[in-house]
Each structure stands twice: as structure tokens, then as C-alpha cells.
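Subject: Structure handover

Hello,

Here is the structure I said I would pass on. My notes on it follow below.

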Amino acid sequence: MKLIDRLIIKDFLKTYFFVVLMLILVVLVLDFTEKNDKYIQNQVPTVEILKYMGNYGLYLNNLLTPITVFISVIFITSKMAGRTEIIAILGSGVSFVRLLFPFLFSAALIGGVSFLLNGWVLPTATENLTVFRLVYLEKGAPQNEQNIHIKVGEDSYAYLSRFFKTNSTGYNFTLETIRDGEMLAKLSSDRIEWDTAKNAWTLKNWRLRELKEEGEKWSVGTELDTVLSIVPEDFGVPENHHETLKLPQLSRQIRILEDRGADNVAYYKIERYVRFMSPFAALILTFIGVIMSARKTRGGSGFQIAMGFLMAFIYILLFILSRTFAENGSEYPIFAVWLPNIIFASVGLVLYKTVPR
């Protein structure tokens, strides 16, 4: 690695961390100002506020990575172009592809760290943010769920009118087995309880109705132990549960939901697609950023930095739209998730033809 490579990598990473820090601090200050009244009203401990801000900072770092990477590379490259350093480097016989090496190397480092954060660190931070919101910002929230519908098997559907997380007890339980639009069996009970010793559910005052070719068959009883493909942890999960799982846990949850035939497995699969897709954004945006700012302009780097912000926001907007499209039932969700990278990579290849040689 040559001296010029080390200087570019050093400036790139230094600028990136500075931009990340400044943007995160600005957002955290605004967030603290907005929530300060609730902190005082709910008497939130200072230590918990600091922990929340640390977790929120990690979340913001992941969210703002496309912006911070793009702005950093635009700033560094336009500064080099303004001092005619790029012209001198290319004039010495160095190809533009070789010039890209330190930039892409830095972007690969950022992408690798981003992948580790997304897979193992950020899920814990997201879970802590959810807990903080429920405990301190939404005091008085009910500790039970009502009117729960959940798929527990390929042809089995469970319903509870209410489930209490404190004692793992549900009321008005119904388990229906439906195949090809026809009901085969219906198991009902007044109450269902989780037995930690047996790792099974106990039904109280149960009734079983089986529909067979020879007619209906009824069975009743006061207590029945049964094994279902659900546990108490499956109830009361937040809407962003897929975002709170580390990568190995996410893969395991996908297998469980697939075996169960659950309808919401798509959200978990899309989350896994996103975690593998996101790190490549740093490489693609760096590639485009160097191409856009490699030319020396009379107006200085201000216009190029503004264009960098615009391009980064377009990428984030496109990412949000493509993820929403994937979650709403796209036939090819992995393609929908990768669409922003595909589009911006194509734009980068087109722009590559315009770079100075």
C-alpha cells in the first residue's frame, strides 16, 4: 500500500467518523429536547437516559450510514480535485480504477463493521430501545394481549380472547384444524396455562369436536396437557421483533415460523435480506461519490456536497419504498430489497464513462 493510499484511507475514515458523530449528536440533542418533559414527568433515571441515548446512537449510525459515507467521499474527493491532486495522480500514469482502491478499501471496512453491528449489536440496542419506551415513555400500557390469532401449524390456527404475560395464562382458547377450506377438528377451553415443568400447555375445561366421515365426535374434560408449536414468548412480541434478533436467532426464528406455516415469516426473511444487502451500499455509494466529485469545478465543493446529500436521501427513500414493497407481498422480495443497490450500481457504471482519464 502506497503513501497516497494510506493518506486517502486516513482522511476518508476520519471524515466519516466526524460526520457520523456530528449528525448523531444533532439528532440526539433534538430527541432529548422533545422527550425531556416526559423524562421529568416519569422520573426517568439519568443512567437509563444515557443508556437510551447510546442505543439510539447505534440505531442512528446504521440509519445514516448511506448519508455519512456518501458525504465523506464527496468531501474528500472534491477537496483533492480542487487542489488538482487527482489530475496529478492520473497524469503520473495511475489509472482511475487504481485511484478507487483506497476509497473502496475504506468503504469495505465501513461495510464490514456495519454488517457486524447489524447482525449482532444493533438488535440488542433495538430491543433496549423498545423496553425503554414501554417502561418509561408509555407507562400504564396493558400487560396483556387481546383477540390473538396465530398460526401454529400448516393447517392449525389458534385463538385467545386474552393472554396475560405475567402468569402465562390465556382465556377462551380455540384451536382449529382446517384443510382445503373444511374444518376437521376444533379444540376449545376456558383457560390455557403454560406448565414450565413439562414445557407444555394445560387446558382447563376443554371440549373437542372432531368432524369425520361417519359424523361428529365430541370429547370433554376438566384438564388436558397438550404440546403446541408456540411458547409464552411468542405472545407479546413487539411489532419490530424481527429487528431485535441477532443474525443466528433470526435464522432460527425463520425456520420455526416456516415449520409452523406462519404468515409473518416474510418480515423475518426480509430483515435477513436487508442485513446482507446493507453493507454493499457503502461500496456502491463510494464508487458513485468518487466519480461525481473527481472533476474540478469553479464553484468549489459546495454544490458537490449538496448533490451528495440529495443522492444519499434518494437512496434512503428508495430503500424505504423497496422494503415496504417487499413486505406488502412482493413475489420476489429479495429482488425488491436489493433494488436500490441494483439501480445505484447501474447509475455508477453509466457515470463511470464520464470520469477523467
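Phe96 is buried, at 4% relative accessibility, where buried means under 20% relative accessible area, exposed over 50% and partly exposed in between, with a 1.4 Å probe and protein chains only. The model is a predicted one: local features need pLDDT of at least 70, side-chain atom pairs count only at pLDDT 80 or more, and totals for chains, interfaces and linings use all residues. Residues are numbered from 1 along each chain as its sequence is written, and side-chain values use heavy atoms, with hydrogens and water left out.

On aromatic rings, the structure holds 18 pairs; rings of Phe, Tyr and Trp (its six-membered ring) pair if their centres lie within 6.5 Å, and planes under 30 degrees apart count as stacked, over 60 as edge-to-face and the rest as tilted. One of them is the tilted pair of Phe12 and Phe103, with 6.3 Å centre to centre and 50 degrees between the planes. This pair joins distant parts of the chain, 91 residues apart: Phe12 belongs to helix α1 (residues 3-41) and Phe103 to helix α4 (residues 96-137). Helices here are DSSP runs (H or I, at least four residues), as are strands (E, at least two), numbered from the N terminus. Phe12 is buried at 0%, and Phe103 is buried at 1%.

Phe96 forms a tilted pair with Tyr352, at 6.2 Å centre to centre and 55 degrees between the planes. Here too distant parts of the chain are linked, Phe96 in helix α4 and Tyr352 in helix α8 (residues 333-352), 256 residues apart. Tyr352 is partly exposed, at 23% relative accessibility.

Regards
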